[in-house]
Amino acid sequence: MTPLAGYLLVAALVFAIGLAGALVRRNAIMVLIGIELMLNAANLNFIAFWRYGPHPEALTGMMFAIFSIAVAAAEAAVGLGLVIAIYRHTHTTEIDKINRMKG
Amino acid sequence: MTVIFFLIAAIAVAGALAAVLLKHLVHSALAVTIAFGGLALMFLSLDAQFAGFVQVLVYIGAVAILIVFAILLTRGADLPREGVFSSTWLTGVVIAAAVFSVIGWAVINSVNAIPQQSEVPNVSVHDIGVALVGPYVLPLEIVALLLTAATIGAAIVAMHEKGGSE
């Protein structure tokens with residue numbers, strides 16, 4: 001097994017764990033944590049392909065990972081703000097109980 | 001495939017698993033911080049020092065703190081009576097296992113098709129800075145705009161409404 005395959009397998013494992021966390025947990029904050037894990041796994045793929053790809057001096061994968069980290073930070077801020085706003089209306093963060101669109 | 005790689009991979013995967021499996025939300029937030037740290041170590045082991053330190057600053061420094069704040073503001077630390085896993089947890093686990101097996105199968109089958117160079121890429125922070133304000137200046141500006149909009153939007157969404165029920 002090559003080093004690149006090892007990194008890709010670790011990224012796939014972290015992605016699957018994050019997906020399981022987003023699908024399995026009841027709490028909306030845990031769903032956001034799962035999404036963050038999935039984004040991190042994608043970043044690991046970008047960096048691994050940049051490192052072992054044919055033209056690392058072009059910096060393409062590195063730039064993509066840096067911009068992806070910035071977008072993930074914005075996503076986390078907006079997502080957690082939404083969770084707090086929903087909690088203020090319904091007094092719960094459990095996704096099973098948030099089943100009405102009326103505020 | 002060195003011992004260090006397996007150690008770092010174990011840290012990252014164990015942190016992610018603990019974050020998903022631990023019942024208490026605060027424990028989950030701490031475990032996901034460990035997973036972020038493990039992934040930052042992976043970036044460092046891939047000779048991407050800049051991305052590794054960006055990961056430490058943004059994820060461990062900002063996103064983990066945001067998650068802790070959200071837990072405190074929503075009283076998420078109380079354990080729900082029905083349990084922390086949803087009623088359809090088996091479906092979720094099956095979907096995640098299927099996704100992992102498909103990606104893993106694709107990776108193992110296509111290893112020889114990917115061109116691989118093994119020498120360390122000679123890229124300094126100076127090169128990254130020049131690239132950021134050179135060919136990547138438009139994405140940089142768009143990300144700056146997006147971050148400003150997201151910060152203002154998150155503050156407005158989470159702000160107390162005037163004349164509301166509280």
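Two helices of chain A, and their surroundings

Guide: Helices α2(A) and α3(A) run roughly antiparallel to each other (angles over 145 degrees count as roughly antiparallel, under 35 as roughly parallel, 65 to 115 as roughly perpendicular and the rest as oblique). This is a predicted model, in which local features need pLDDT of at least 70 and side-chain atom pairs count only at pLDDT 80 or more, while totals for chains, interfaces and linings use all residues. Residues are numbered from 1 along each chain as its sequence is written, and chains are lettered from A and ligands numbered from 1 in the order in which they are written. The packing angle of α2(A) and α3(A) is about 175 degrees, and their axes are 9 Å apart. Here axes are lines fitted to C-alpha atoms, for helices over the stretch in contact, and angles run from 0 to 180 degrees between N-to-C directions. Helices (H or I, at least four residues) and strands (E, at least two) are DSSP runs, numbered from the N terminus.

From α2(A), the residues of this contact include Ala28(A), Leu32(A), Glu36(A), Phe46(A) and Trp50(A). From α3(A) they include Thr60(A), Phe64(A), Ile69(A), Gly79(A) and Val83(A). Two residues are in contact if their C-beta atoms, placed from the backbone, lie within 7 Å. By class, this contact holds 17 nonpolar, five polar and one charged residues. In that count Ala, Val, Leu, Ile, Met, Phe, Trp, Tyr, Cys and Pro are nonpolar, Asp, Glu, Lys and Arg are charged, and the others, Gly among them, are polar.

His91(A) sits in the segment after α3 of chain A and has a positive phi of about 60 degrees, although it is not a glycine. Most residues other than glycine have a negative phi. His91(A) is exposed, with 10 other C-beta atoms within 10 Å (buried means 20 or more such atoms within 10 Å, exposed 12 or fewer, and partly exposed in between, with C-beta atoms placed from the backbone).

Leu23(A), which belongs to helix α1 of chain A, is partly exposed, with 19 C-beta neighbours inside 10 Å. In sequence Leu23(A) is eleven residues from Gly34(A), and in space the two are 8.4 Å apart, C-alpha to C-alpha. Not counting residues up to four places away in sequence, Leu23(A) touches Gly92(B), Ile95(B) and Ala96(B).

That leads to the other chain. In total, 64 residues of chain A are in contact with 70 residues of chain B. On the chain A side, the elements that give two or more residues are α1 (3-24), α2 (28-52) and α3 (60-90). Helix α3(A) gives the most, with 20 residues. The classes on this side are 48 nonpolar, nine polar and seven charged.

Chain B has six helices and zero strands, in the order α-α-α-α-α-α. Its radius of gyration, taken over C-alpha atoms, is 21 Å, well over the 15 Å that the globule rule gives for 166 residues, so chain B is more spread out than a compact globule. The globule rule is 2.2 Å times the number of residues to the power 0.38. Along its principal axes the C-alpha trace of chain B spans about 60 × 40 × 25 Å, and 24% of its residues count as buried.

Helices α2(B) and α3(B) pack at about 175 degrees, with axes 8 Å apart, which makes them roughly antiparallel. Among the residues in their contact are Leu25(B), Phe36(B) and Leu44(B) from α2(B), and Gln49(B), Tyr59(B) and Ile71(B) from α3(B). This contact has 17 nonpolar, five polar and no charged residues. In the loop between these two helices lies Asp47(B), whose phi is near 60 degrees, a positive value in a residue other than glycine. Asp47(B) counts as partly exposed, with 16 C-beta neighbours inside 10 Å.

Helix α1 (residues 3-21) of chain B packs on helix α2 (residues 25-45) of chain B at about 155 degrees, with their axes 7 Å apart. These two helices are therefore roughly antiparallel.
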